[in-house]
Amino acid sequence: MSAVPAVEPLDADPAGLAGVLVVDHPLVQHKVTLVRSEDTTTDNFRRLVREISQLLTYEATRDLAMETVAIRTPIAPMQSRVLSGKKLCLVSILRAGNGFIDGMLELLPAARVGHIGLYRDPETLEPIEYYFKMPEDIQERMVIVVDPMLATGNSAIAALNRLKEAGVTTMKYVCLIASRPGLRALRAAHPEVGIVTAAIDETLNEHGYIVPGLGDAGDRLYGTR
Ligand code: URA
């Protein structure tokens with residue numbers, strides 16, 4: 001049996017996008033086109049991924065809890081809103097997830113950062129964990145898991161399973177390009193986890209790469225191929 005899920009036509013499951021936010025903003029879409037292009041150099045690719053990560057963070061944090069506090073401006077006292085509720089932890093799925101972290105931390109400077117190392121078995125495409133390091137109070141935090149490419153969904157599902165085992169109860173998943181089969185698989189395994197992506201591509205190739213996608217995000221971020 002192939003580890004790459006069968007691809008279904010776009011309209012086969014109109015409900016398949018429940019819980020998925022596709023950020024269709026012109027700035028995001030323009031930058032996605034540039035990162036997809038094979039002509040984009042490593043330094044530009046890294047910068048664009050960072051910029052897109054910030055624009056996706058803006059949407060992914062739209063529903064964060066807020067409270068009203070009393071402050072004084074130089075002119076007058078006022079009631080104004082600040083973030084409240086759970087503290088945040090960004091979790092990078094190594095290594096490409098790291099391309100998102102620095103840009104996100106500029107917007108969320110108090111967030112902690114965890115890392116999960118998973119590699120795909122080249123035969124089965126199943127994820128195998130080699131690293132897991134989280135803040136001690138991870139179970140009390142809202143976790144935003146990041147990986148630019150949601151391909152088969154196997155790594156994402158494994159990462160979310162592992163975080164739930166560690167006691168995490170509130171999560172979102174943020175990626176740059178999601179495959180339709182990967183989205184379906186992730187939604188089926190973790191239906192309560194909201195997904196934010198900049199694009200949905202329909203297919204995967206026989207190696208588990210998203211088509212048309214952008215290639216290997218880790219290699220393009222770090223210039224390793
Ligand atoms: N990982 C990548 O970097 N790219 C893909 O297309 C799929 C998984």
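Me: What do buried, exposed and partly exposed stand for here?
Reply: Buried is under 20% relative accessible area, exposed is over 50%, and partly exposed lies in between, with a 1.4 Å probe and protein chains only. The model is predicted, so local features need pLDDT of at least 70 and side-chain atom pairs count only at pLDDT 80 or more, while totals for chains, interfaces and linings use all residues. Residues are numbered from 1 along each chain as its sequence is written, and side-chain values use heavy atoms, with hydrogens and water left out.

Me: Why is glycine 215 called partly exposed?
Reply: Its relative accessible area is 34%, and partly exposed is the class between the buried and exposed cut-offs, so glycine 215 is partly exposed.

Me: Why does aspartate 216 count as partly exposed?
Reply: Aspartate 216 has 25% relative accessibility; that value falls in the in-between class, and therefore aspartate 216 counts as partly exposed.

Me: What makes the pairing of aspartate 216 with tyrosine 209 a polar contact?
Reply: A polar contact is a pair of N or O atoms within 3.5 Å; within protein, one must be able to donate a hydrogen and the other to accept it, and residues adjacent in sequence count only if both atoms are side-chain atoms. The two side chains make such a contact at 2.9 Å.

Me: Which residues does glycine 215 touch, leaving out those up to four places away in sequence?
Reply: Glycine 215 touches Met149 and Tyr209, where contact means heavy atoms within 4.5 Å.
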